[in-house]
2 protein chains.
Amino acid sequence: MAQTQTFSKNQQIVLDIIEKAKGPLKAYSILFNVQKKGINAPQQIYRALDKLIEAGKIHKIESKNAFVACKNSNCEVSKATAFSICESCEIVDEISDEKLSKYLSKFNEKKGMKFKRFNLEFFGLCKKCK
Amino acid sequence: MAQTQTFSKNQQIVLDIIEKAKGPLKAYSILFNVQKKGINAPQQIYRALDKLIEAGKIHKIESKNAFVACKNSNCEVSKATAFSICESCEIVDEISDEKLSKYLSKFNEKKGMKFKRFNLEFFGLCKKCK
DNA sequence: TAACAAACGTTATATTATAACACTATGATA
DNA sequence: TATCATAGTGTTATAATATAACGTTTGTTA
């Protein structure tokens, strides 16, 4: 059983906002949302984001430079992430598909590289938008 | 058989540089490299990059904000991309694995989203670095 | 050749992210 | 308890990545 990690003040503020959000948040939109709480500079956001990613509590959607809360293995560092992204409404969902995850975790390249981590982003149209 | 596409002057300049490069290039490093050829502004680079991506001649490595030439289906628009990225030496390779590609192209999410495209990035240590 | 689309050149600006430095809290341990 | 290391904080400045907007030029095709 993974132990519950405790976070610092700023880290918790940032985590709370991301967890409450309905979709991915950008660093500067987080910043604007926490200025009332005394966080004034991008550095403070990015530092918190770094820690939260390291802890596996959030993920970065690379193609959007945005951050979402982890919905899978809540207390575990995530090394295998997959997302579906609607190109119309921009909704993002984390994909939790054990088969897919296993398949990719076992995947080995021909050139002898040892993989530690992967990130997969699917793009298309969601049910509503298609 | 896919027809050979012709590119405009700037597009060709940018494509040439990316194809000659040994690894991913960043937009501004491309810019610095083509200033002798009369390209002065980021816009000109980004516009060319957009067209080349659209044409499937190059790909963007999202986690690095960098661009590489396509090494697979040279004349086809790429909708299924996979890369291996060494976290130590930062070398990037496009993965051409038909099984993997088929597996992911056939993958369907439970929520009924229809995928058009995916991008997969593996991270680890290459043969030399491990 | 007229009309349209694509590409170009340019200036300005927006957005995303990091560097660097001094200070503060926390917790381990001598 | 003193002191030491580590992580976190706050701040200013700046770097790196990307797009907006506008007018001009070039290339295609009706």
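Among the atoms of DNA strand C within 4 Å of the protein, 45% are sugar or phosphate atoms and the rest belong to bases. The model is predicted, so that local features require pLDDT of at least 70 and side-chain atom pairs pLDDT 80 or more, while totals for chains, interfaces and linings use all residues. Residues are numbered from 1 along each chain as its sequence is written, chains are lettered from A and ligands numbered from 1 in the order written, and side-chain values use heavy atoms, leaving out hydrogens and water.

**DNA strand C.** A residue is taken as near a strand if one of its heavy atoms lies within 4 Å of it. There are 18 residues around DNA strand C, of which Lys26(A), Gln43(A), Lys60(A), Gln44(B) and Arg47(B) come nearest. By class, this surface has 4 nonpolar, 8 polar and 6 charged residues; Ala, Val, Leu, Ile, Met, Phe, Trp, Tyr, Cys and Pro count as nonpolar, Asp, Glu, Lys and Arg as charged, and the others, Gly among them, as polar. Helix H3 (42-54) of chain A, and helices H1 (9-20) and H3 (42-54) of chain B, each supply at least two of its residues. Helices (H or I, at least four residues) and strands (E, at least two) are DSSP runs numbered from the N terminus.

**DNA strand D.** For DNA strand D, 47% of the atoms within 4 Å of the protein belong to sugar or phosphate and the rest to bases.

| Protein group | DNA group | Distance |
|---|---|---|
| Tyr28(A), side chain | base nitrogen, DNA strand C | 2.8 Å |
| Lys60(A), side chain | phosphate oxygen, DNA strand C | 2.7 Å |
| Asn10(B), side chain | phosphate oxygen, DNA strand C | 2.9 Å |
| Ser8(A), side chain | phosphate oxygen, DNA strand D | 3.0 Å |
| Asn10(A), backbone | phosphate oxygen, DNA strand D | 3.0 Å |
| Gln44(A), side chain | phosphate oxygen, DNA strand D | 2.7 Å |

**Helix packing.** In chain A, H1(A) and H3(A) pack at about 80 degrees with their axes 9 Å apart; axes are lines fitted to C-alpha atoms, for helices over the stretch in contact, and angles run from 0 to 180 degrees between N-to-C directions. H1(A) is therefore roughly perpendicular to H3(A), a term covering 65 to 115 degrees. The contact (heavy atoms within 4.5 Å) involves residues including Asn10(A), Val14(A) and Ile18(A) of H1(A) and Gln44(A), Ala48(A) and Leu52(A) of H3(A). Its residues comprise 7 nonpolar, 3 polar and 1 charged. In chain B, the axes of H1(B) and H3(B) come within 9 Å and cross at roughly 80 degrees.

**The sheet.** An open sheet of mixed pairing is formed by 6 strands in the order S4(A)-S3(A)-S5(A)-S5(B)-S3(B)-S4(B), where two strands pair if DSSP finds at least two bridges between them. Its edge strands are S4 (92-94) of chain A and S4 (92-94) of chain B, each pairing on one side only. The twist averages 20 degrees from one strand to the next. Within chain B, S3 (residues 80-86) and S5 (residues 114-125) pair in the parallel sense over 7 bridges, and Ala80(B) has Phe118(B) as its bridge partner in S5(B). Helix H4 (residues 98-106) of chain A lies across S3 and S5 of chain A together with S5 of chain B, at about 135 degrees to S5(A).

Note on methods: A polar contact is a pair of N or O atoms within 3.5 Å; within protein, one must be able to donate a hydrogen and the other to accept it, and residues adjacent in sequence count only if both atoms are side-chain atoms. Angles under 35 degrees count as roughly parallel, over 145 as roughly antiparallel, 65 to 115 as roughly perpendicular and the rest as oblique.
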